[in-house]
Amino acid sequence: MSARLPVPGPGPGPATLLVIAKEPVPGRVKTRLTPPYTPREAAALAEAALADTLHTVSRTPARRRVLVLDGRPGPWLPPGFDVLPQSPGGLDDRIAAAFAHCGSGPALLVGMDTPQMTADLLAGVGGDDDHDAWFGPAADGGFWALGLADPTRAAALVRGVPMSTDRTGELQRHRLVAAGLAVRDLPVLRDVDTAADVGPVAARCPAGSRFAATVRALAGVAR
């Protein structure tokens with residue numbers, strides 16, 4: 001009789017990786033890119049950024065990969081992801097609810113607005129890292145990544161933090177530190193929020209980026 005392999009426990013190990021995103025439908029995503037981009041072009045950029053993000057997460061060691069989606073999945077979704085609907089409420093409520101799906105073990109949540117993100121930036125979250133939280137600040141004052149060694153604490157740590165302001169990142173990180181957590185800071189990344197962000201972010205995308213290719217294609221479109 002063959003020996004039964006041990007079942008992994010809920011202790012340290014690769015993190016659950018969460019991507020919180022909106023279905024890239026024209027007129028519903030990246031509306032701050034219009035003008036100069038049309039709603040359809042803005043949605044194409046959003047889809048490309050989301051596809052790059054999901055591809056990066058699919059290449060990163062993880063306990064589980066989850067897309068927390070407002071809308072329906074499309075052909076841009078690679079295999080290996082559980083898809084869960086976003087909860088109602090403000091962004092703070094939706095982020096807290098996303099962490100509630102993780103169970104035990106470390107979890108890291110990223111958005112869909114940083115297609116320049118690489119697997120190397122996510123490496124080491126969880127595993128033998130002895131931090132309690134991981135925080136990726138965004139250049140506009142927000143944040144692109146938030147990780148918790150104990151995701152069951154997310155509601156207390158995230159709910160009530162004002163979102164979409166130039167102090168959101170500062171206030172969120174302060175909340176983590178005030179709770180006594182040891183925070184590991186990830187590099188600052190620039191979100192794609194306005195047309196002024198598109199070119200600089202595309203320039204930092206790795207080879208093979210769908211976002212960078214879409215930006216190049218749209219650059220040749222007469223406006």
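Modeller: Helices (H or I, at least four residues) and strands (E, at least two) are DSSP runs, numbered from the N terminus, and contact means heavy atoms within 4.5 Å. This is a predicted model, in which local features need pLDDT of at least 70 and side-chain atom pairs count only at pLDDT 80 or more, while totals for chains, interfaces and linings use all residues. Residues are numbered from 1 along each chain as its sequence is written, and side-chain values use heavy atoms, with hydrogens and water left out.

Colleague: Which residues of helix 2 are buried?

Modeller: They are D92, I95, A96, A97, A98 and F99. Buried means under 20% relative accessible area, exposed over 50%, and partly exposed in between (1.4 Å probe, protein chains only).

Colleague: And the largest nonpolar core, how many residues has it?

Modeller: That core has 27 residues, and those with the most contacts inside it are V19, V57, L67, L108, V110 and W144. Two or more residues each come from strand 1 (16-22), helix 1 (39-58), strand 2 (64-70), strand 4 (107-110), helix 3 (119-122) and strand 6 (143-148). Helix 1 gives the largest share, six residues. A nonpolar core here is a set of buried Ala, Val, Leu, Ile, Met, Phe, Trp, Tyr and Cys residues joined through side-chain atoms within 4.5 Å.

Colleague: What does V19 touch?

Modeller: Not counting residues up to four places away in sequence, V19 touches L50, T53, L54, V57, V66, L67, V68, V110 and G111. There is also a second, separate core of 24 residues, which includes L18, L157, M163 and L176.

Colleague: Changing topic: how much space lies in the largest pocket?

Modeller: About 920 Å³. On a 1 Å grid over the protein atoms alone, a pocket is an open set of points where a 1.4 Å probe fits, with protein on both sides within 12 Å along at least five of seven lines; lining residues have an atom within 4 Å of a point. Grid points are joined across faces, edges and corners, and the volume is the space filled by probe spheres set on the points.

Colleague: Are K30 and S164 buried or exposed?

Modeller: K30 is buried, at 17% relative accessible area, whereas S164 is exposed, at 73%. K30 lies in the loop between strand 1 and helix 1, and S164 in the loop between helix 4 and helix 5 (168-178). Phi is positive in both, near 50° for K30 and near 60° for S164. Most residues other than glycine have a negative phi, and most peptide bonds are trans.

Colleague: Where are the cis peptide bonds around P35?

Modeller: One runs from T34 to P35, with omega near -15°. Another joins P35 and P36, with omega about 10°. P35 and P36 are found in the loop between strand 1 and helix 1.

Colleague: Finally, how many aromatic pairs are there?

Modeller: A search of the whole structure finds one. The ring centres of F135 and F143 are 5.6 Å apart and the planes are at 45°, so the pair is tilted. Rings of Phe, Tyr and Trp (its six-membered ring) pair if their centres lie within 6.5 Å; planes under 30 degrees apart count as stacked, over 60 as edge-to-face and the rest as tilted. F135 and F143 are both buried.
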